[in-house]
Amino acid sequence: GDEARGAPVLNPLGSFSQNPSPDDLSSIVLVESNRFAVKSEAVLRIARNLRRPLPALAMVGFAFPRVFRDCVYDIVGANRYRIFGREIEMCRRMDSKLEGRFLE
């Protein structure tokens, strides 16, 4: 189906995005039909395809100007550990269940 797949930003599929620099790992990148979305645009597009209530929240988010949304995205990103907590500071190990969800 329309299952989402991920690619690390350091992977060639993740790095040819609209990020200002290949060394900039500060944002999420979404590739849909050869189009790119970064920051708040990527998050809201992803949320549209998740379980309720996220699609409805995404629609509310799209009502705001992108400049405002990206500012909120940057603030949340800079304070994510304070907001969401910090569990483990290491990458999750790839298992067979996750392996098929990532592009090579």
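Two residues are in contact when they have heavy atoms within 4.5 Å of each other. By that rule, among contacts between residues at least 6 apart in sequence, 36% join residues at least 24 apart. The model is a predicted one. Its protein has 6 helices and 2 strands, and along the sequence these follow the pattern α-β-β-α-α-α-α-α.

Of the 104 residues, 18% count as buried. Helix H2, residues 39-47, has these buried residues: Ser40, Glu41, Ala42, Leu44, Arg45 and Ala47. What do the buried residues of H2 pack against? Their partners are strand E1 (29-32), strand E2 (35-38), helix H3 (54-62) and helix H4 (66-78).

The accessible surface of the protein comes to about 8,600 Å². Carbon and sulfur atoms account for 58% of that surface. A nonpolar patch on the surface is formed by Val60, Phe64, Phe68, Val72, Val76, Ile83 and Phe84, with about 660 Å² of accessible area together. H4 gives the most, with 3 residues. An α-helix has 3.6 residues a turn, so residues three or four places apart point the same way.

Val76 belongs both to helix H4 and to the nonpolar patch. Is Val76 buried, exposed or partly exposed? Val76 counts as partly exposed because its relative accessibility is 30%, and the partly exposed class lies between under 20% for buried and over 50% for exposed.

Two ring features remain. The charged end of Arg80 sits over the ring of Tyr81, 5.0 Å from its centre. The count of aromatic pairs comes to 1.

Definitions and conventions. Residues are numbered from 1 along each chain as its sequence is written. This is a predicted model: local features need pLDDT of at least 70, side-chain atom pairs count only at pLDDT 80 or more; totals for chains, interfaces and linings use all residues. Side-chain values use heavy atoms; hydrogens and water are left out. Helices (H or I, at least four residues) and strands (E, at least two) are DSSP runs, numbered from the N terminus. Buried means under 20% relative accessible area, exposed over 50%, partly exposed in between (1.4 Å probe, protein chains only). Accessible areas come from the Shrake-Rupley method with a 1.4 Å probe; for residues, only the protein chains shown count as cover. Rings of Phe, Tyr and Trp (its six-membered ring) pair if their centres lie within 6.5 Å; planes under 30 degrees apart count as stacked, over 60 as edge-to-face and the rest as tilted. A charge sits over a ring if NZ of Lys or CZ of Arg is within 6 Å of the ring centre and within 35 degrees of the ring normal. Patches are made of residues with over 30% relative accessible area and no salt bridge: like charges are joined within 9 Å, nonpolar side chains (Val, Leu, Ile, Met, Phe, Trp, Tyr) within 5 Å. A salt bridge is a side-chain nitrogen of Lys or Arg within 4 Å of a carboxyl oxygen of Asp or Glu.
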